[in-house]
Amino acid sequence: MEVISHLFKDDKDCWHIQSNEQHLEGVARLSESFANEFGMGSWGRALGLLHDKGKERKSFQDYIRHNSGFAPEIQCSSEHNHAFVGGIIAKSIYGKGSESLLCNQIISHHSGLHDYCQIEETLKKDIPSDVNRCVEKIQLNRPPFSLSPIKGCKGMTSDANHLSRMLFSCLVDADYLDTELFMDEKSARKRINGISLQSLLPLLETYIDNLQKRSSESEVNAIRRKIQERCVSMSNVEKGFYSLTVPTGGGKTLSSLVWALRHAVHNGMKRIIIAIPYTSIIVQTASILKQIFGEEAVLEHHSNFDPQSIKGKEIQHKAKLATENWDYPIVVTTNVQLFESMFSNKSSDCRKLHNIVNSVIILDEVQTLPTDYLQPIVDALKSYQNIFGISVLFTTASQPVLSGLIEGCNPKAAFQGIDNIMEIIPKEYVLHDKLRRVCLEIDNTGSTYDEIANRLSRHNKVLCIVNTRNDAREIFERLPKEGMTIHLSRMMCPRHVSKAIQEIKQALSDNSETVIRVVATQLIEAGVDIDFPVVYRQEAGLDSILQAAGRCNREGKLDIATTYVFSLSEEHKLYGSIIDANNARLNMVNVNDWFAPETMTEYFRQLYCRKETFDKKDIKTLLYKPTEMCFAEAAKGFRLIEETGKTVYVNMDDSLELVERLKSDGITYSLMKQLSQYSVNIHERDFLKLWSYGAIEEVIEGIYVVNDWAQYDENIGLRLDNHWMNEILTI
């Protein structure tokens with residue numbers, strides 16, 4: 001009986017069968033090519049040849065024939081698991097030590113990497129008698145790298161878990177791709193992307209030349225050109241860790257791209273991955289990149305991007321497919337997507353990892369990396385550089401401390417940072433001086449909402465940034481409603497926020513006398529290109545304050561402008577991590593220049609010394625001992641954004657039409673992407689409050705909609721009060 005791996009019936013009722021031998025060879029060939037990128041091709045081939053050996057079991061062959069309708073008369077057993085078999089064979093061939101680099105990957109290629117104790121239990125099983133045990137032993141090559149031990153921790157390394165996960169990535173993507181080539185050849189052919197980074201370099205150079213020809217001869221533009229020239233001259237260097245510290249308005253986005261693209265071409269690297277903390281910056285950055293390189297060269301991968309927005313069905317389909325494995329020359333994504341994939345155990349998340357090998361990663365606004373997970377993040381970057389040949393460029397106006405010994409208030413929490421980070425911009429450029437357009441005026445005495453609203457009302461054009469949604473609403477409601485008075489917070493859905501930001505940008509660019517007063521949460525603090533003559537910022541860490549100052553006099557239209565720092569301690573105390581950040585700033589004494597790089601270094605030292613841990617979920621205990629790695633448990637713990645709330649979809653524009661389609665058609669990838677533009681995440685307590693009003697409907701299990709249009713305010717977004725009760729009381 002032929003061993004079937006996959007089969008399907010075409011439109012003409014003809015059956016097409018892929019034999020298991022064909023599938024194993026196809027996966028082995030792909031997996032080998034992926035693993036060759038980091039010098040472990042033979043390991044990739046061994047994984048491919050063994051991963052589906054369990055399909056030889058009679059129980060699996062009966063199952064696939066019965067369930068597909070190929071032979072419905074066959075009775076099949078309820079136990080037809082096949083993945084464990086190849087893992088047991090791998091152990092029998094390669095012996096002790098193969099558990100974490102071969103067996104786990106094979107056993108887990110459908111279910112996700114398991115914790116070591118589960119693998120140990122599985123490997124105790126016998127090889128089923130109906131499986132052919134005679135398998136060619138692939139001679140495994142010695143990897144061209146060594147695993148770096150953790151200083152002071154015998155038998156521990158941060159490299160092993162990433163190597164294990166990378167081999168898993170090679171196998172699962174090869175498995176998906178070979179299966180797709182047989183089952184859906186049209187989609188498989190659309191994946192082919194022959195665009196090289198070398199072919200993109202002339203497009204970038206042309207874009208910059210045209211931009212410079214159109215730019216005025218100003219001091220700021222002269223500095224931007226100087227920064228770009230420095231990035232060109234510093235790009236022909238070996239792979240490693242680099243930083244680009246440029247104050248807001250210095251053209252950091254384009255300069256970092258110039259360096260990354262030239263550096264990648266110089267070193268024969270495959271792709272550039274730009275990781276950004278905020279979706280608002282991603283949308284803006286991706287838009288610029290697509291103007292330069294075209295849709296087919298740039299992949300956006302984040303929660304608010306819908307491939308349906310791309311013109312042309314062919315490119316739409318290619319982009320959707322590429323989100324699965326990042327096979328594009330330039331990828332723009334979120335920090336969450338990048339780092340949670342690096343620590344995931346799921347097949348779907350790990351598919352993309354092998355395409356990070358031999359890439360340049362630009363970490364934009366690097367100061368936003370969460371200190372609670374700083375050790376596993378830094379260790380992961382070191383592992384990827386050591387084993388997988390990446391380069392990392394840290395870009396920001398507020399460079400954090402990531403090298404040397406990183407110490408907190410708990411001596412046991414200390415860990416070794418990155419040994420050598422080369423700064424591209426030399427100190428003698430003194431960019432913080434040359435691009436100085438703002439001074440800080442700090443008032444640490446407590447104010448009330450009314451007092452801050454009164455101060456804002458004295459300015460015709462002013463931006464106020466606060467720490468919470470509630471603070472934004474309270475101040476906004478106290479402002480006189482004249483001209484444009486705009487509120488921005490995550491109580492507004494992404495579509496609403498985008499519209500509001502575009503309105504602000506348009507109003508500011510008109511140079512009219514229109515009153516423009518904006519009260520916002522931190523969502524506008526970084527990467528949004530707006531320019532106000534006056535900015536107010538609620539007390540916070542120095543990095544946040546300087547980011548807010550970057551929205552003030554951004555284009556240098558004024559000789560010097562002021563960013564006012566204020567406290568709302570008359571209304572409430574600060575909360576959570578922002579307390580430590582603010583205290584770190586308050587504890588800095590004899591500061592001569594808030595914008596100097598050495599001031600920022602001192603701020604991060606102050607911030608770190610308040611930390612109990614840089615590894616909140618104890619990832620090192622779960623992953624750093626090569627023989628006892630707990631992939632599933634670590635993946636559950638490593639969450640850069642804690643899922644503490646509920647997502648609801650609001651009634652705005654065409655959102656309810658999408659909801660009706662959801663009811664009739666069911667959940668689809670494209671539909672959920674479109675609906676995400678109307679999503680608001682709220683606390684559990686607020687969800688229960690709205691539920692008690694009857695304001696929320698569960699349209700499909702786990703998907704909640706606020707149908708009532710009056711529950712969504714055109715100014716402040718989702719209302720948490722019962723508007724029906726308010727109207728009754730008014731009457």
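These legends accompany several close-up views of a predicted model.

**View 1**
Six strands line up here in the order 12-17-16-13-15-14, paired in parallel to form an open sheet. Strand 12 (438-446) and strand 14 (484-488) stand at the edges; each has a single partner strand, so one side of each is left without a neighbour in the sheet. On average, neighbouring strands of this sheet are turned by 15 degrees against each other, direction ignored.

**View 1. Strand 14, its partner and the helix lying across them.**
Take a look at strand 14 beside strand 15 (residues 516-520): the two run parallel and are joined by five bridges. Leu488 stands opposite Ala520 of strand 15. Helix 19 (residues 469-478) lies across strand 14, strand 15 and strand 16 (534-538), and runs at about 165 degrees to strand 14.

**View 2. His459 in its loop.**
His459 belongs to the loop that links helix 18 (449-457) with strand 13 (461-465). Is this histidine, His459, buried or exposed? With a relative accessible area of 18%, His459 is buried, because the cut-off for that label is under 20%. Leaving aside neighbours within four places in sequence, His459 is in contact with Arg517, Val534 and Tyr536.

**View 3. The largest nonpolar core and a second one.**
The largest nonpolar core holds 153 residues, of which Phe38, Phe339, Met342, Ile356, Leu363, Leu488 and Leu718 touch the most other members. Helix 7 (residues 159-183) gives the most to this core, with 10 residues. A second, separate core has 44 residues, including Leu204, Cys231, Ala297 and Val298. As background, nonpolar side chains in soluble globular proteins tend to be buried together.

Which residues is Ile356 in contact with, leaving aside its neighbours within four places in sequence? They are Ile273, Trp326, Leu338, Met342, Ile361, Tyr384 and Ile390. Asn358 sits in the loop between helix 15 (347-350) and strand 7 (359-364). Its phi is near 60 degrees, a positive value in a residue other than glycine. Asn358 is also buried, with a relative accessible area of 11%.

**View 4. Helix 23 and its packing partners.**
Helix 23 (residues 597-608) has 12 residues and reaches 17 Å from its first C-alpha to its last, close to the 16 Å expected at 1.5 Å a residue. Buried positions in helix 23 are Thr599, Met600, Tyr603, Phe604, Gln606, Leu607 and Tyr608. What do the buried residues of helix 23 pack against? Their partners are helix 16 (374-388), strand 9 (405-406), helix 21 (542-549) and helix 22 (577-586).

**View 5. Strand 21, covered on both faces.**
In strand 21 (residues 703-706), Ile703 and Val705 on one side and Tyr704 and Val706 on the other are all buried, leaving both faces covered. Strand 18 (residues 645-650) pairs with strand 21 in the parallel sense over three bridges, and Tyr649 has Val705 as its bridge partner.

Asp653 is found in the loop between strand 18 and helix 26 (655-665). Asp653 is not a glycine, yet its phi is positive, near 50 degrees. This aspartate, Asp653, is partly exposed, with a relative accessible area of 45%.

Notes. Residues are numbered from 1 along each chain as its sequence is written. This is a predicted model: local features need pLDDT of at least 70, side-chain atom pairs count only at pLDDT 80 or more; totals for chains, interfaces and linings use all residues. Side-chain values use heavy atoms; hydrogens and water are left out. Helices (H or I, at least four residues) and strands (E, at least two) are DSSP runs, numbered from the N terminus. Buried means under 20% relative accessible area, exposed over 50%, partly exposed in between (1.4 Å probe, protein chains only). Contact means heavy atoms within 4.5 Å. A nonpolar core is a set of buried Ala, Val, Leu, Ile, Met, Phe, Trp, Tyr and Cys residues joined through side-chain atoms within 4.5 Å. The expected span of a helix is 1.5 Å times one less than its number of residues. Two strands pair if DSSP finds at least two bridges between them. Axes are lines fitted to C-alpha atoms, for helices over the stretch in contact, and angles run from 0 to 180 degrees between N-to-C directions.
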